[in-house]
Amino acid sequence: MPGYEIFGDEEKKEIMDVLDTGVLFRYEFGEQRKGIYKVKEFEEKFSKYCNSSYGQAVTSGTAALKVALTALGVGPGDEVITQGFTFVATWEAILDVGATPVFCEIDTTLNMDPVDLEKKITAKTKCIIPVHMLGAPARILEIIALADKKEIPVLEDAAQAAGARINGKHLGSFGRCGTFSFDSVKTMTTGEGGMVITDDEELWRTMSEYHDHGHDHKVNPGTRGGEGRRFVGFNFRMMELQGAIGIAQLAKLDYIVKSQQANKATLKEAASKIPGVAFRTLVDEQGDSATFLAFTLQDREHCLRVNESLKADGCGAINFAENSWHFYPKWEHLLGAKSPIHSGYPFNDGGGKKRIVYDPSALPQSAAILDRTLVYPVSIKMDTERLATLTTALKNATKV
Ligand SMILES: *Cc1c(COP(=O)(O)O)cnc(C)c1O
């Protein structure tokens, strides 16, 4: 699962390139940096890897979502549809641009259900964010077909899906843009960091300038600071050390995916012996980044019994229905409209009136799926001993 498992000489060398020049900033310092532009190189290599035209590196996957939404022009009064099974960052970014998150059900892909998506689209929907959770795809082609009909842009949250594909095409490269996270537990990591990819040059230019205080990146008459500004921006700049690590990690990404696929296959084989077990629907099994194995049991009761057995063997699995960071009914701070801002923004309007009200029981289909689903993270390096422990635990769980 996390790229830090295989940090090595490659990352060290890239970092030393930066420290040797002393330039940690991605822009300027012309002579001093001796031609070394690690963030720029990382953007170019990452977008090329994904077969996408442009890459915009930023400080995090959450920042990537915010920068992308802003560049798409999403703001107050708009609705953005995403799924109720995701990391909180997806809707934090929607709230942060002043828009309203609308949650839709997941299906057996554990990602956005296109059938429910269609029901949730309104005249106010200004963006759709399917999330490729746990490293495997949403039904992205169906979602885009639906969105295209209504002329709504699709932003893919591919934070957990670096290296994953459908028929060879990278997740994140299907929609108007796609965002990635390189935080410390993601498939490839730069500690903190994120990226937006897109084929849309104008969108990329807006993201590039917005993430850098609005500096005009096209018309730059000489030195930095002399250029104009098309709009107000912010600072979401990645630093050179992160870009350096990113370059080294990216070179290992296909190896990471391949190793995880092999480990996952072993675990899946063992889990397949549990009576009544079913596996998450994979849109393209070959393209799965295999960072997680998800399997569903017959019902909630069976799921709990299986997990008790796994826990007794020291191999308890994650049940996302109980997880407070990834599932809608558990987001009490969202449901309770808790804000540190005195006016209650963004949940209240200017007059202090509640603008958004969420019903915790609004996603019964998602709950019915996640209630009986167990998940194992899959590591890059799983020694034979750990694999044997896990397969024995899964074998024992066939009897409960
Ligand atoms: C990790 C993650 C993010 C946010 O990324 P950070 O780099 O941690 O800010 C966004 N969406 C999903 C689905 C994630 O898993």
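Predicted model: local features only at pLDDT ≥ 70, side-chain atom pairs only at ≥ 80, totals over all residues.

The cut-offs matter here: buried means under 20%, and exposed means over 50%. Phenylalanine 29 has a relative accessibility of 42%, so phenylalanine 29 also falls in the partly exposed class.

A search of the whole structure turns up 19 aromatic pairs. Phenylalanine 25 and phenylalanine 29 make one of them: the ring centres are 6.5 Å apart and the planes stand at 80 degrees, so this pair is edge-to-face.

Now turn to phenylalanine 42 and phenylalanine 182. Their ring centres are 5.3 Å apart and their planes meet at 55 degrees, so the pair is tilted. Where do the two residues lie? Phenylalanine 42 is in helix α2, residues 38–49, while phenylalanine 182 is in the loop between β8 (177–181) and β9 (194–198). The pair therefore ties together parts that are 140 residues apart in sequence.

Trp91, Phe103, Tyr328, Trp331 and Tyr358 form one aromatic cluster. The charged end of lysine 66 sits over the ring of phenylalanine 234, at 5.7 Å from the ring centre. Lysine 268 places its charged end over the ring of phenylalanine 279, at 4.9 Å from the centre.

Next comes helix α8, residues 240–250. Of its 11 residues, 10 are buried, so α8 is largely enclosed by the rest of the structure. Among the buried residues are Glu240, Gln242, Ile245, Ile247 and Leu250. What covers them? The cover includes α1 (9–21), α2 and α9 (253–271). Helix α2 is also where phenylalanine 42 lies.

Which side chains place an N or O atom by a ligand oxygen? For serine 181, the distance is 2.7 Å. For lysine 186, the distance is 3.1 Å. Threonine 62 has a polar side-chain atom 2.5 Å from an oxygen atom of the ligand. On its own, the ligand has 380 Å² of accessible area, and the protein covers 94% of this.

Valine 115 belongs to helix α5, residues 114–120. Its relative accessibility is 54%, so valine 115 counts as exposed. Valine 115 and methionine 195 are 80 residues apart along the chain, and their C-alpha atoms are separated by 29 Å.

Threonine 198 is in strand β9. Is threonine 198 buried or exposed? With a relative accessible area of 2%, threonine 198 is buried. Beyond its neighbours within four places in sequence, its contacts are Ser52, Ser53, Tyr54, Arg176, Cys177, Leu203, Trp204 and Met207.

Note on methods
Residues numbered from 1 in each chain as written. Heavy atoms only, no water. Phe/Tyr/Trp six-rings, centres within 6.5 Å; stacked < 30°, edge-to-face > 60°. Buried < 20%, exposed > 50% of the residue type's maximum accessible area, 1.4 Å probe, protein only. Helix = DSSP H or I, 4+ residues; strand = E, 2+ residues; numbered from the N terminus. Lys NZ or Arg CZ within 6 Å of the ring centre and 35° of its normal. Contact = heavy atoms within 4.5 Å. Polar contact = N/O pair within 3.5 Å; in protein donor to acceptor, adjacent residues only side chain to side chain. Areas by Shrake-Rupley, 256 points an atom, 1.4 Å probe, with all protein chains shown as cover.
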